[in-house]
Amino acid sequence: MTTMPSLLAGKKLLITGVVNTESIAFATAAAALDAGADIVLSSLGRDLDATALAADVLRGDVEVVEADLTDAEHLHHLTDHLLGRWGHIDGALHAVAFAPREALAGDFLAARSDAISRAFQTSAITYASLASVVAQLAPPQGASLVGLDFDAAGAWPVYNWMGVCKAALESVNRYLARDLGGRRIRANLIAAGPLHTRAAGGIPEFELLTGAWERQSPLPWDPKDSAPVAETACFLLSDLSRMISGEILHVDGGYHAMAAPLREPGELTPSREETP
Ligand SMILES: NC(=O)c1ccc[n+]([C@@H]2O[C@H](COP(=O)([O-])OP(=O)(O)OC[C@H]3O[C@@H](n4cnc5c(N)ncnc54)[C@H](O)[C@@H]3O)[C@@H](O)[C@H]2O)c1
């Protein structure tokens, strides 16, 4: 980790979305602790045990609170719990997404509307729900909300309705920035390149995405390394980003800026070839 040791000193942060040590949220939690933050993890009921196991790997005694972000009662309880524990929070990471398999790949038009609705509810609307929690708990000096995006500017070979959900997430981010800015609450997304996590494992033919990055990312992208995304999240959660809001920051090796593939399948980037 290369995060500055005092970057988040004294910050009280809620980190959602840790289910195992591969989770992007786990890397963010570890980086935030290294940067001096106090953190609480929240987790979905069926994932609580797995989250607790991952929390044990983190430095210190990290609390895990149950919160299904689609459940209004859970959100009330989470808000009350954080209020009782800290009195306020300085920021939160939204690292939550889910879509039934039929909404992730295959015939786009065949996905049923209940599957699409569930994906939308979990992957886009919960970002606004978490913003409400942050808004209730933010101190006068403001707070930072950070979410995780997969660039929704175009259609992918897979990802289907999750791509549509991410487009909605990007729009929600802009409206949150509009409505919360007056209270100095920022809302920003990180558009990450493909990373091997449990959620990614649920996407059929995920290798079409990692393969695209091998050919088109100018920087050598490592789909097993969440640290660059985690460290950018720490930057966005810190005061260094105090005048950034409504932004989508690409942490994708530069993939999004290239108009076409740079190399043949299997051909390594020059810098990787030179690395002993
Ligand atoms: N892995 C990638 O390639 C990649 C790339 C860009 C963006 N993202 C985004 O990063 C975020 C985190 O995903 P990840 O890849 O680390 O996978 P992950 O499987 O480790 O994390 C997904 C998390 O969502 C949680 N979750 C699902 N439904 C929930 C609900 N109703 N309430 C609360 N939590 C719920 C799960 O418990 C899990 O912890 C997601 O928004 C994902 O779309 C992932």
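Trainee: Leaving aside its neighbours within four places in sequence, which residues is Ala29 in contact with?

Mentor: This is a predicted model, in which local features need pLDDT of at least 70, side-chain atom pairs count only at pLDDT 80 or more, and totals for chains, interfaces and linings use all residues. Residues are numbered from 1 along each chain as its sequence is written. Two residues are in contact if their C-beta atoms, placed from the backbone, lie within 7 Å. With neighbours within four places in sequence left out, the partners of Ala29 are Ile15, Val18, Ile39, Leu41 and Leu58.

Trainee: How many residues does the largest nonpolar core have?

Mentor: A nonpolar core is a set of buried Ala, Val, Leu, Ile, Met, Phe, Trp, Tyr and Cys residues joined through C-beta atoms within 7 Å. Buried means that 20 or more other C-beta atoms lie within 10 Å of the residue's own; exposed means 12 or fewer, and partly exposed lies in between, with C-beta atoms placed from the backbone. Ile15, Ala29 and Ile39 are among the residues with the most contacts inside the largest core. The number of residues in this core is 83.

Trainee: Where do the buried residues of helix α3 lie, seen down its axis?

Mentor: Helices (H or I, at least four residues) and strands (E, at least two) are DSSP runs, numbered from the N terminus. Helix α3 covers residues 72-86, and its buried residues are Leu75, Leu78 and Leu82. An α-helix has 3.6 residues a turn, so residues three or four places apart point the same way. Seen down the axis of α3, the directions from the axis to the C-beta atoms of its buried residues fall within an arc of 60°, so these residues line one face of the helix.

Trainee: Which elements do the buried residues of α3 pack against?

Mentor: The face of α3 turned away from the buried side carries exposed residues, namely Glu73, Asp80 and Gly84. The buried residues pack against β1 (12-16), β2 (38-43), β3 (63-66) and α4 (113-137).

Trainee: Which are the edge strands of the open sheet of seven strands?

Mentor: Two strands pair if DSSP finds at least two bridges between them. The strand order is β3-β2-β1-β4-β5-β6-β7, with parallel pairing. An edge strand pairs on one side only, and here the edge strands are β3 and β7 (247-251).

Trainee: How many of the eight residues of β6 are buried?

Mentor: In a regular strand the side chains alternate between the two faces of the sheet. Ile185, Ala187, Leu189 and Ala191 point one way from β6, while Arg186, Asn188, Ile190 and Ala192 point the other way. Both sets are buried, so the count for β6 is eight of eight.

Trainee: Is Asn160 buried or exposed?

Mentor: Asn160 lies in helix α5 (residues 160-180). Its phi is near 35°, a positive value in a residue other than glycine. Because 25 C-beta neighbours lie inside 10 Å, Asn160 counts as buried.

Trainee: How many other C-beta atoms lie within 10 Å of Arg184?

Mentor: Arg184 is in the loop between α5 and β6 (185-192), and it has a positive phi of about 60° although it is not a glycine. Arg184 is partly exposed, because the number of other C-beta atoms within 10 Å is 15.

Key: Expected span 1.5 Å × (residues − 1).
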